[in-house]
Amino acid sequence: MNITRENSDNVNAVIKILIEKSDYEGPVKEVLKDYRQKATIPGFRPGKVPAGLIEKRFGKAILAEEVNKLLSQNLSKHIVDEKLPLLGEPLPNEDQQKTIDWDNDENFEFVFDVALAPEVQVSLDKKRKFEYVSISVDDEMIDKQIEAVTNQFGENKASEVVEEKSLVRGNFIQLDAEGNELEEGIKPEAVLLAIDKIKDEAIKKDFLSKKVEDIIIFDPVKAFENKTEVGHMLTISPEEAEVLESNFKYTITEVLEFVSAEINEELFKKVYGEETEIKTVEEFREKVKEEIAHNLSYSSDQKFAVDTRNALVDKIKIDLPEAFLKRWLKATNNELTDEQIENDFDSFMKDLKWQLIKDKIIKDNEISITDDEAMDFARQVTFAQFNQYGMHNMPPEQLDSFAKMMLEKPEEKERIFKKLYEDKVMASVKEKTTITDKKVTHEEFSGLMK
């Protein structure tokens with residue numbers, strides 16, 4: 001076995017592997033011997049098939065398999081032993097690789113092109129300046145959030161008359177063309193309607209100011225302009241709803257008015273738990289402001305990460321083996337056309353350059369992620385997900401259970417570790433460089449993101 005490597009330049013090299021007869025002869029004989037013991041060939045008892053016949057039938061395939069096995073093992077070993085920082089995977093050399101003659105050759109030479117990751121120099125010091133854009137939290141944002149919270153914990157209460165925002169519950173009875181009740185018609189009961197969802201203004205107006213036990217005659221399809229929705233409302237099949245053309249008598253049995261929750265200690269406990277220290281409206285507003293600022297910080301962090309990444313990729317010169325990488329993309333993604341590779345290549349190169357820069361920052365700053373850090377982040381993700389559904393007070397043991405389940409999924413674990421490494425890289429950039437803070441309104445920030 002002979003392995004040599006010749007560097008074409010700083011980022012391209014050629015690896016040659018010569019596999020000689022002495023390298024594969026022993027393994028091939030052992031496999032042929034095993035085949036002879038197990039082969040079932042008409043006219044011969046098991047284990048008594050002539051060795052020459054076995055070699056004639058299976059020799060070439062076994063030779064190719066054993067040589068390729070040696071090739072794969074020794075190529076991988078050479079890459080590991082030499083600590084070669086490869087980009088992509090080795091590709092057969094298109095010029096130097098000779099056609100293999102499995103019938104006549106005794107020695108086999110394989111030639112591969114490899115791409116080497118270049119040395120990257122990332123200078124992070126106070127001379128480098130980056131801008132961090134944060135969003136100011138104003139009273140309007142606080143008011144909107146408090147309105148959302150009071151609505152979330154609000155409830156429907158009985159009301160006297162139907163108004164624009166009312167909900168009404170009642171019983172439907174289908175009518176015939178003359179306005180008489182159909183004995184075998186559609187008659188769903190206790191159907192809840194939202195007045196503000198009625199599309200037809202005349203029908204909506206007919207509901208307004210009505211009371212319990214009042215009757216409205218109307219066509220549900222005309223009222224809501226959605227046959228699927230009407231089908232669910234009347235508990236009929238989609239096919240029946242599609243051909244429905246009929247007025248209904250709707251008798252109101254209940255009028256409901258949505259009332260937002262009052263802003264008081266009871267609400268504070270519902271939102272933040274029985275042990276909350278929030279007692280006053282001012283303290284509640286301050287807490288809401290902190291939460292909004294915390295949530296908005298994710299957008300600021302995301303913008304900072306994108307801006308910083310782009311700045312470093314643009315400023316740090318990195319030579320890459322573009323021709324090899326295009327070949328590698330084509331070889332490993334058969335569905336990609338040359339045109340698609342060309343169109344997406346700039347984006348691919350930027351991603352690759354950022355990965356190399358990021359790896360250098362991680363190495364220089366000895367950045368690592370512990371399992372405890374991953375678990376803590378998984379808890380935060382779980383907590384945020386439950387919060388979205390209004391579940392603010394999940395017991396710690398349940399959060400831990402869901403977080404562990406998340407980390408047991410390989411793709412989720414990889415995503416979490418990737419995010420934590422990104423965060424620590426950005427934290428390192430912030431620590432070592434000069435960061436200028438810029439406050440903007442939410443509208444201004446949205447404009448910057450465009």
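What volume does the largest pocket have? In this predicted model, the volume of the largest pocket is about 1,800 Å³. The second largest pocket has a volume of about 500 Å³.

**Largest pocket**

- The lining of the largest pocket comprises 45 residues, and those closest to the pocket centre are His 294, Asn 295, Tyr 298, Gln 380 and Ala 384.
- Two or more lining residues come from each of helix 3 (139-152), helix 8 (265-272), helix 9 (281-315), helix 12 (371-388) and helix 14 (410-432).
- Helix 9 is the leading contributor to the lining of the largest pocket, with 15 residues.
- By class, the lining of the largest pocket holds 21 nonpolar, 11 polar and 13 charged residues.

**Second largest pocket**

- The second largest pocket has 19 lining residues, and Val 28, Leu 32, Glu 55, Gly 59 and Leu 63 are the ones nearest its centre.
- At least two residues of the lining of the second largest pocket are supplied by helix 1 (21-38), and at least two by helix 2 (51-81).
- Helix 1 provides the largest share of the lining of the second largest pocket, namely eight residues.
- By class, the lining of the second largest pocket consists of seven nonpolar, two polar and 10 charged residues.

Notes
Residues are numbered from 1 along each chain as its sequence is written. This is a predicted model: local features need pLDDT of at least 70, side-chain atom pairs count only at pLDDT 80 or more; totals for chains, interfaces and linings use all residues. Side-chain values use heavy atoms; hydrogens and water are left out. On a 1 Å grid over the protein atoms alone, a cavity is a set of points where a 1.4 Å probe fits but cannot get out, and a pocket is an open set with protein on both sides within 12 Å along at least five of seven lines; lining residues have an atom within 4 Å of a point. Grid points are joined across faces, edges and corners, and a volume is the space filled by probe spheres set on the points. Helices (H or I, at least four residues) and strands (E, at least two) are DSSP runs, numbered from the N terminus. Ala, Val, Leu, Ile, Met, Phe, Trp, Tyr, Cys and Pro count as nonpolar, Asp, Glu, Lys and Arg as charged, and the others, Gly among them, as polar.
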